[in-house]
Each structure stands twice: as C-alpha cells, then as structure tokens.
Amino acid sequence: MTTEPVLSLRDAGRSYGTGATRVVALDAVDLDVYAGELVAVTGRSGSGKSTLLNLAGGLDRPTTGRVLVEGQDLSALGKAELAAVRRRSVGFVFQELNLLPTLTAAENVSLPMELDRVSTVEARRAADTAIAEVGLAGMEDRYPDELSGGERQRVAIARALVGPRRLLLADEPTGALDELTGEAVMRVMRNRCDAGAAGVLVTHEPALAAWADRVVRLRDGRIESVTARNPAAAELSEVVR
C-alpha cells in the first residue's frame, strides 16, 4: 500500500517534569491513521489517551519522536504555522464543546475559516454545508442556548468538519449525551470518515469503539494492543507494523 497516512506518530513520547518527579504520559508510540478510517483509542484513566490526542492535534509537543499531519512534522513548525495547521487540517471535538454563546450556530462553525482570512460569504457557505451534514439544516441562526445538548454537540462537530480538514479528533464526544443522541453523533463521525477523513476517537465506551475500524488500547502510555474490525483495517495494521 502506497497511500500516505493523514496522521503519523513515530516513536512519539511525552513526559512531564525531571528527575524523581518525571512522569511519562506517552512512551514510544507508533501509529498511522489513514484517510477513510476511524481509529478508537481506549484505556484506563491515565493511560495516555488524551496526551496522544493532544500531540496528534498539535496542542502539545512530543518530548521524543515525531508527529506528522499530512506529512508535516508538527515539532518543526513555529506557533503561527502550527495554528494554521490546526485551522486548516485538524478538527477537534471536545466533550466541553467550547461553543461561543454570543455567536449563532453558523457563526461558531465559520469562525475557524474567518480566522484564516476566508471571506465571510465563503465561510458562511461552508458552515451551512457542514451544519446540514450533521442534520441541523434550518438551525444555522440559533444560539447555543436555543439548542439541545445533542444539537450543540453536532454544531461542535460541524465546526470540526468545516472546510478542507482531513483529520478529525474527538475526545469522549458523547459523554454528556443520551444513548440515542450519542448514536446520531457517532453516525456523523463515521460518515465523515467514510467520505475520506481520518478520525481518532478517544473513548472508554465499548459501544463507541465498535464504530471504529481499529481499536488501539493504551496501557501506561504504551500501545498494549491493536484490534482491527474489518479486513481493510487489518491490512492497515500490518502496514503500521
């Protein structure tokens, strides 16, 4: 297989502190995530799940190894360049949502593009498309407090999807949702990956991990196991090895 991964972690590690107080949060992790697949990262609290996600999205830098997004080594980028990669290539879905209450759904979704100096008209058009993709057409001009919890979560996903982004990172995206709404959110993520994005989902819920092509289990900052859920994902696992 010659397809280049959207996300690559190469011997990636992250530690905090020095000497006796040094804590290794992630240790020598190798992982490739390809366009069209959703990878679930599981493990107990403190196993390194959120650290891996933060490195993948450039929110933190590895102390060892490399993290590449679409071939770009994030450690080699300055702050401005890294911010540009996050705006253009990486979409984040957090459990806390981080929607701005004074902006409408469409304004929240279009904000990353406008920060990247995309015209207001083009950004709004892209926002409307992303909002429709998550099943909220007609709610573009509603404010967050006028939406249900599930609708707000879908707005957050639309914000992560807007524009040409190819890497979708989600940290427990359905943690505050009921089962039915959580399933709808996962279906949106699954559909986006099927359409060509690469997705990484951090979760402790087996039912959510079941939506993934591969399940990566972390233990004490290391990959303990990789389980492929379909033949294509199994082939990708062999490429990683």
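How many residues does helix 5 have, and how far does it reach from its first C-alpha to its last? Select residues 149-161: helix 5 has 13 residues and reaches 19 Å, close to the 18 Å expected at 1.5 Å a residue (the expected span being 1.5 Å times one less than the number of residues). Helices (H or I, at least four residues) and strands (E, at least two) are DSSP runs, numbered from the N terminus.

This is a predicted model, in which local features need pLDDT of at least 70 and side-chain atom pairs count only at pLDDT 80 or more, while totals for chains, interfaces and linings use all residues. Residues are numbered from 1 along each chain as its sequence is written, and side-chain values use heavy atoms, with hydrogens and water left out.

Next, colour helix 5 by burial (buried: under 20% relative accessible area, exposed: over 50%, partly exposed: in between; 1.4 Å probe, protein chains only). Because 11 of its 13 residues are buried, helix 5 is largely enclosed by the rest of the structure. Among the buried residues are Glu151, Arg154 and Arg159. The buried residues pack against strand 6 (90-93), helix 3 (105-115), helix 4 (120-133), strand 7 (167-171) and helix 6 (179-194), where contact means heavy atoms within 4.5 Å.

Then display the open sheet of 6 strands, with order 6-7-8-3-9-10 and mixed pairing (two strands pair if DSSP finds at least two bridges between them). Strand 6 and strand 10 (222-228) are the edge strands, each pairing on one side only.

Finally, select residues 198-202, strand 8, which runs parallel to strand 7 and is joined to it by 5 bridges. Leu167 has Ala198 as its bridge partner there.
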